[in-house]
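Hi,

Here is the structure I promised to pass on. Have a look at it first, and then read my notes below.

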Amino acid sequence: MKYKICNNIEVTKVDGEDTVICFDVESGESHILDVAATAVLNTVGMGMTLDEAVSEIAAEFDAESGEISEGVSAFTQTLINKKIIEEAV
């Protein structure tokens, strides 16, 4: 399954930081994502499957795919629940 960032979400990189702010223009809610969470958003939220995202993030952070797979999957569900990403159609 592939996902995309919801149309109502504006993503802004924080200058000089490895974090981003996701602002929901409809609800006014903001979410600050740390470097690991940003990696998930930048992979899964840009159309990669979970398996592709895990491989990409594992390479970026010099980790084993098996070590991070559950965390990537869980945080992807959090992004869905917070209406930051949605299924791409």
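Before the notes, one convention on angles: axes are lines fitted to C-alpha atoms, for helices over the stretch in contact, and angles run from 0 to 180 degrees between N-to-C directions. Contact here means heavy atoms within 4.5 Å. Helices (H or I, at least four residues) and strands (E, at least two) are DSSP runs, numbered from the N terminus.

Please keep in mind that this is a predicted model, where local features need pLDDT of at least 70 and side-chain atom pairs count only at pLDDT 80 or more, while totals for chains, interfaces and linings use all residues. Residues are numbered from 1 along each chain as its sequence is written, and side-chain values use heavy atoms, with hydrogens and water left out.

Let's start with the open sheet of 3 strands, which has the order 2-3-4 and antiparallel pairing (two strands pair if DSSP finds at least two bridges between them). Strand 2 (9–13) and strand 4 (30–33) are the edges; each has a single partner strand, so one side of each is left without a neighbour in the sheet. On average, neighbouring strands here are turned by 20° against each other, direction ignored.

Strand 3 (residues 20–24) pairs with strand 4 over 4 bridges, in the antiparallel sense. Phe-23 sits opposite Ser-30 of strand 4, and Cys-22 has His-31 as its bridge partner in that strand. The two strands make a hairpin with 5 residues between them, and Gly-28 in the turn has a positive phi of about 80°.

(Buried means under 20% relative accessible area, exposed over 50%, partly exposed in between, with a 1.4 Å probe and protein chains only.) Helix 1 lies across strand 2, strand 3 and strand 4, and runs at about 105° to strand 4.

The cysteines

How many disulfides does a search of the whole structure find? It finds 0, a disulfide being a pair of cysteine sulfur atoms within 2.5 Å. For Cys-6, the nearest cysteine sulfur is that of Cys-22, 10 Å away. Cys-6 is buried at a relative accessible area of 7%, and Cys-22 counts as buried too, at 0%.

Helix 2 buries Ala-53, Val-54, Ile-57 and Ala-58. Down the helix axis these fall within an arc of 130°, so they line one face of helix 2 (the arc is that of the directions from the helix axis to the C-beta atoms). They pack against helix 1 and helix 3. The face turned away from the buried side carries the exposed residues Asp-51, Ala-59 and Glu-60. Just after helix 2, Asp-62 has a positive phi of about 50°.

In helix 3, Ile-68, Val-72, Thr-76 and Leu-79 are the buried residues. Their arc is 85°, so they too line one face of the helix. They pack against strand 1 (3–5), helix 1 (35–44), helix 2 (50–60) and strand 5 (85–87). Gly-66, Glu-70 and Asn-81 are exposed on the other side of helix 3. Just after helix 3 comes Lys-83, with a positive phi of about 60°.

Cheers
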